[in-house]
Amino acid sequence: MATPVIRVDNVGIRFRRNRGGRRNFKDLFSNRDRRSRPGEFWAFRNVSFDVQAGEAIGVVGRNGQGKSTLLKLVAGVVLPDEGRVEVNGGVAPLIEITGGFVNDLTVRDNVYLTAGLHGMTRHEIEDRFDEIIDFAEIGDFIDTPYKHLSSGMKVRIAFSVISMLDEPIILVDEVLAVGDRGFKEKCYRRIEEMLAGGRTLFFVSHNEKDLRRFCTRGLYLDKGKLQLDGPIADVLDRYNAEYHR
Ligand SMILES: Nc1ncnc2c1ncn2[C@@H]1O[C@H](COP(=O)(O)OP(=O)(O)OP(=O)(O)O)[C@@H](O)[C@H]1O
């Protein structure tokens, strides 16, 4: 078999429940093992899977089971506390997409900044600038500061820029939820085109229809473990049997 584009090997992610993570007075004087600090918990552990180029994977599970965290691992924004993650190729992260945009800069400057950070040259951006703005349908707002756009408009421009990148791996979270129906469908068609072009997709959604539309394989996260890795239909059957019947 070809070398996988993504290899996740025995990965565990640990978070702290209380923001500052400070230990309380009693803890300071107890002899508790420092490795299990109070308030820490494993989002998941012992997660292993390989992904081949061109696979379309849906990540399924209840709220808070680590689906977004898994995408962030692949994006490299979250690092594993145990195990290894190998990603061979660039990633177009359509997750928290508006996060990288700068409020006080105009739409135009944000397009240059974001595309530039993802490795597009000034010339490439100039060539694709109109296409990016047209897709987002926000031509009247090119010189408006980003902070003055509506939340739907922010997502439109962010999706438009990031989906224009030539990265081989695409990560999609529920960011499109704030877009209106027409725009969401347009984004979905773009994702389909990217898949047809051989890219690899990770898709997190609570919408079964969307998962079946894009994905062939599913990963089911529950109770801190990867419970099932198989055809998307089997994964959805199992999830529905456990939680929706
Ligand atoms: N930076 C963080 N610090 C502390 N806890 C975190 C952090 N990020 C995520 N978590 C916790 O990790 C767990 C998994 O979160 P995650 O967002 O990955 O779940 P999810 O399956 O995507 O949920 P949803 O379906 O609600 O979007 C949750 O308990 C969440 O509170």
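Of the 245 residues of the protein, 34% count as buried. The model is predicted. It holds eight helices and nine strands. The radius of gyration is 20 Å, close to the 18 Å that the globule rule gives for 245 residues, so the protein is as compact as a globular protein of that length.

**Overall dimensions and contacts**

- Taken along the principal axes, the box filled by the C-alpha atoms is roughly 60 × 45 × 40 Å.
- Among contacts with a separation of 6 or more, 72% are between residues 24 or more positions apart.

**Ligand shell**

- The residues around the ligand are Phe15, Arg16, Ala43, Gly61, Asn63, Gly64, Gln65, Gly66, Lys67, Ser68 and Thr69.
- Two elements, β1 (6–16) and α2 (67–75), each give two or more residues to this shell.
- The element that gives the most is α2, with three residues.
- Sorted by class, the shell has seven polar, two nonpolar and two charged residues.

- An open sheet is formed by three strands in the order β2-β1-β4, with antiparallel pairing.
- The edges are taken by β2 (40–51) and β4 (82–87); each has a single partner strand, so one side of each is left without a neighbour in the sheet.
- From one strand to the next, the twist averages 30°.
- β1 and β2 run antiparallel and are joined by eight bridges.
- Arg16, one of the residues around the ligand, has Glu40 in β2 as its bridge partner.
- Helix α2 packs on this sheet and touches β1, β2 and β4. The direction of α2 makes about 120° with that of β1.

- Strand β3 (residues 56–60) has five of its five residues buried, so it is largely enclosed by the rest of the structure.
- In a regular strand the side chains alternate between the two faces of the sheet.
- Both faces of β3 are covered, with Ala56, Gly58 and Val60 buried on one side and Ile57 and Val59 buried on the other.
- Strands of a sheet pair through backbone hydrogen bonds, in a parallel or an antiparallel sense.
- β3 runs parallel to strand β7 (residues 200–204), and four bridges join the two.
- Within this pairing, Gly58 stands opposite Phe203 in β7.
- β3 also runs parallel to β8, again with four bridges.
- Val59 has Leu219 in β8 as its bridge partner.

- Six bridges pair β8 with β9 in the antiparallel sense.
- Leu219, the bridge partner of Val59, stands opposite Asp229 in β9.
- β8 and β9 form a hairpin with two residues between them.
- Lys223 lies in the loop between β8 (217–222) and β9 (225–231), and this turn residue has a positive phi of about 50°.
- Lys223 counts as exposed because it has 9 C-beta neighbours inside 10 Å, and the cut-off for exposed is 12 or fewer.
- Lys223 and Asp173 are 50 residues apart along the chain, and their C-alpha atoms are separated by 20 Å.

- Asn46 is a residue other than glycine with a positive phi, near 55°.
- With 14 other C-beta atoms within 10 Å, Asn46 is partly exposed.
- Glu137 is not a glycine either, and its phi is positive at about 55°.
- Glu137 is placed in the loop between α4 (122–136) and α5 (151–162).
- Glu137 has 15 C-beta neighbours inside 10 Å and counts as partly exposed.

Conventions. Residues are numbered from 1 along each chain as its sequence is written. This is a predicted model: local features need pLDDT of at least 70, side-chain atom pairs count only at pLDDT 80 or more; totals for chains, interfaces and linings use all residues. A residue is buried if 20 or more other C-beta atoms lie within 10 Å of its own, exposed if 12 or fewer, and partly exposed in between; C-beta atoms are placed from the backbone. A residue is near a molecule or strand if its C-beta atom, placed from the backbone, lies within 6 Å of it. Ala, Val, Leu, Ile, Met, Phe, Trp, Tyr, Cys and Pro count as nonpolar, Asp, Glu, Lys and Arg as charged, and the others, Gly among them, as polar. Two strands pair if DSSP finds at least two bridges between them. Axes are lines fitted to C-alpha atoms, for helices over the stretch in contact, and angles run from 0 to 180 degrees between N-to-C directions. Two residues are in contact if their C-beta atoms, placed from the backbone, lie within 7 Å. The radius of gyration is taken over C-alpha atoms; the globule rule is 2.2 Å times the number of residues to the power 0.38.
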